[in-house]
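Good morning, and thank you for coming. Please bring it up on the screen.

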Amino acid sequence: MKKVDVVLGMQWGDEGKGKVVDVLTPDYDVVARFQGGPNAGHSIHFAGKSFVLHTVPSGIFRDGATNIIGNGVVIDPVILMDEISQIEEMGLDCTSRLQIAKRANLILPTHRILDAANEAAKGKSKIGSTLKGIGPAYTDKIARVGLRVGDISAADFRARYDALKASHLATIANLGYTDFDICAYEQKWFEAVEALRRFTFIDNEVLVNKYLQDGISILAEGAQGSLLDVDFGTYPFVTSSNTLCAGACTGLGVAPSRIGNVYGIFKAYCTRVGAGPFPTELFDETGEALRRIGHEFGATTGRPRRCGWLDLVALKYTVIMNGATSLIMMKCDVMNDFDTVKVAVGYEMDGQTIDWFPYEANDKEIKPVYREFKGWKCDVTKCRSYEELPAELKEYISFIEEYCGVPVKVVSVGPDREETIVRG
Ligand code: GDP
Ligand code: IMO
Ligand code: MG
């Protein structure tokens, strides 16, 4: 019996999950997304081409792999069909490569408007949502009123849609939000729903467990990052799903005992989009350099990402919460020219030094305690083996491994598939 291996973001998202899943896919038969929705933007670069995937799993570009959108994902048919059209323009047939869970909830046009209305109502305390309707769609799922992919074939689909839309419009009116026009998007939405019918809608929990029984290998792809988890992230500045490893169980229908390797992906520094605490954030030219050299602008919204030093206190917290079995470090090449590099190894809060990520992160001032490392001051993008990496970078990596208690198994030195070092 096989186990499901899981790829997870360990920070605030955008760690490089898309690249890693694309790199790992040749070792797997199936790639499955288990939570989130089009708030995600997973970039993949190969053969001089670039793609940003929002809902389609990042195994789609590798021949032979089946890609599953699991029950834990929320789907906007317009965004999904746009993405599929772009992939098919490359000559790939998604009908045979992609299967969609009947139990996945749909994002309605009014979910997007609700997202905008909720954010507008919050004023200064807004979360900085991607405005893709994620929060409202998960709200309806939990309230047990959502529409699911499997409902598309139901005779009363339109009537149920209209009833849900009416209740959304009442809420939107209550919020006093008027800045929207639903007609154009709604028409596209119904066209996209029709177009989705050519795909196989699956009972993913049955299929995934049968695959495991039959020795078929599965890689589960997370979206967002652990610090955006609705329970353990920096609530309320989080997304509306469980981004932790546990989300792979509920989002695909696999038992905890069927989870195998857990790959925790982190950047060699930190970024965050949207509002919320970020203890190691830099407001100086170093932060600016990370953003400029790392091209830290959102893959989904284009917003500039907030940048700062690597936070090992937060990383260790997420390693533990996920049971990460190994780590994958991305984007160290961005700091090639830095004289020194810092990592947070503790926080000062209320005059005390602590070494855990505190519940009070939203309200209290947290001052990171840093350990400084000598920069490697050379171009690592051409390195293809661990041995070739400069001694200073190896020291940086060793310290991270020691602090977190987990090995760094892969080091990414550039955005392309090829720019990857897998340690033996
Ligand atoms: P995801 O949401 O976790 O899939 O990450 P994103 O795609 O949103 O953001 C990661 C960005 O970093 C993308 O633009 C990637 O192409 C890029 N990237 C990934 N790995 C590396 C790396 O090792 N070095 C550099 N310079 N860029 C990378
Ligand atoms: P990937 O999968 C980075 C952030 C938003 C906002 C908060 C809530 O590409 O790593 P939402 O739209 O979910 O209601 O927004 O979460 N956020 C992300 N940040 N990467 C993502 O996905 C994100 N998805 C959501 O910026 O702060
Ligand atoms: Mg992203």
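How do the residues of the lining of the largest cavity divide into nonpolar, polar and charged? They divide into 6 nonpolar, 2 polar and 1 charged. Before I go on, please keep in mind that this is a predicted model.

Let me stay with that cavity for a moment. The structure holds 1 cavity of 30 Å³ or more, and the space within the largest cavity comes to about 50 Å³. Its lining is made up of K19, V20, V23, L24, I328, M330, V410, S412 and T420. Two or more of these residues come from each of α1, β15, which spans 326-330, and β19, which spans 408-412. The greatest share belongs to α1, which gives 4 residues to this lining.

I turn now to ligand 1. Which residues come nearest to this ligand? Among the 20 residues around ligand 1, they are G16, K17, S43, D333 and S412. You will recall S412 from the lining of the largest cavity. At least two residues of the shell around ligand 1 are supplied by α1, residues 17-24, and at least two by β3, residues 42-46. By class, this shell contains 5 nonpolar, 8 polar and 7 charged residues.

The backbone takes part in several contacts here. An oxygen atom of ligand 1 lies 2.7 Å from a backbone N or O atom of K17. For G41, a backbone N or O atom is 2.8 Å from an oxygen atom of the ligand, and for G414 the corresponding distance is 3.1 Å. On its own, ligand 1 would expose 580 Å², and the protein buries 92% of that area.

Where does ligand 1 sit in terms of pockets? The space that ligand 1 takes is the second largest pocket. The volume of this pocket is about 590 Å³. Its lining has 27 residues, and those nearest the centre are S43, H45, G294, K331 and P415. Here α1 and β3 are the elements that give two or more residues to the lining. Sorted by class, the lining of this pocket has 7 nonpolar, 12 polar and 8 charged residues.

Finally, I come to ligand 2. Around this ligand there are 20 residues, of which D14, K17, H42, T130 and T239 come nearest. Which part of T239 approaches ligand 2, and how far away is it? An N or O atom in the side chain of T239 is 2.6 Å from an oxygen atom of ligand 2. With D14, by contrast, a polar backbone atom is involved, at 2.7 Å from an oxygen atom of the ligand. V273 also contributes through its backbone, with an N or O atom 3.0 Å from an oxygen atom of ligand 2. Ligand 2 has 550 Å² of accessible area on its own, and the protein covers 97% of it. The shell around ligand 2 comprises 7 nonpolar, 10 polar and 3 charged residues.

That concludes my presentation, and I would welcome your comments.

Key:
Residues are numbered from 1 along each chain as its sequence is written. Chains are lettered from A and ligands numbered from 1 in the order in which they are written. This is a predicted model: local features need pLDDT of at least 70, side-chain atom pairs count only at pLDDT 80 or more; totals for chains, interfaces and linings use all residues. Side-chain values use heavy atoms; hydrogens and water are left out. A residue is near a molecule or strand if one of its heavy atoms lies within 4 Å of it. A polar contact is a pair of N or O atoms within 3.5 Å; within protein, one must be able to donate a hydrogen and the other to accept it, and residues adjacent in sequence count only if both atoms are side-chain atoms. Accessible areas come from the Shrake-Rupley method with a 1.4 Å probe; for residues, only the protein chains shown count as cover. On a 1 Å grid over the protein atoms alone, a cavity is a set of points where a 1.4 Å probe fits but cannot get out, and a pocket is an open set with protein on both sides within 12 Å along at least five of seven lines; lining residues have an atom within 4 Å of a point. A molecule sits in a cavity or pocket if more than half of its atoms lie within 2 Å of its grid points. Ala, Val, Leu, Ile, Met, Phe, Trp, Tyr, Cys and Pro count as nonpolar, Asp, Glu, Lys and Arg as charged, and the others, Gly among them, as polar. Grid points are joined across faces, edges and corners, and a volume is the space filled by probe spheres set on the points.
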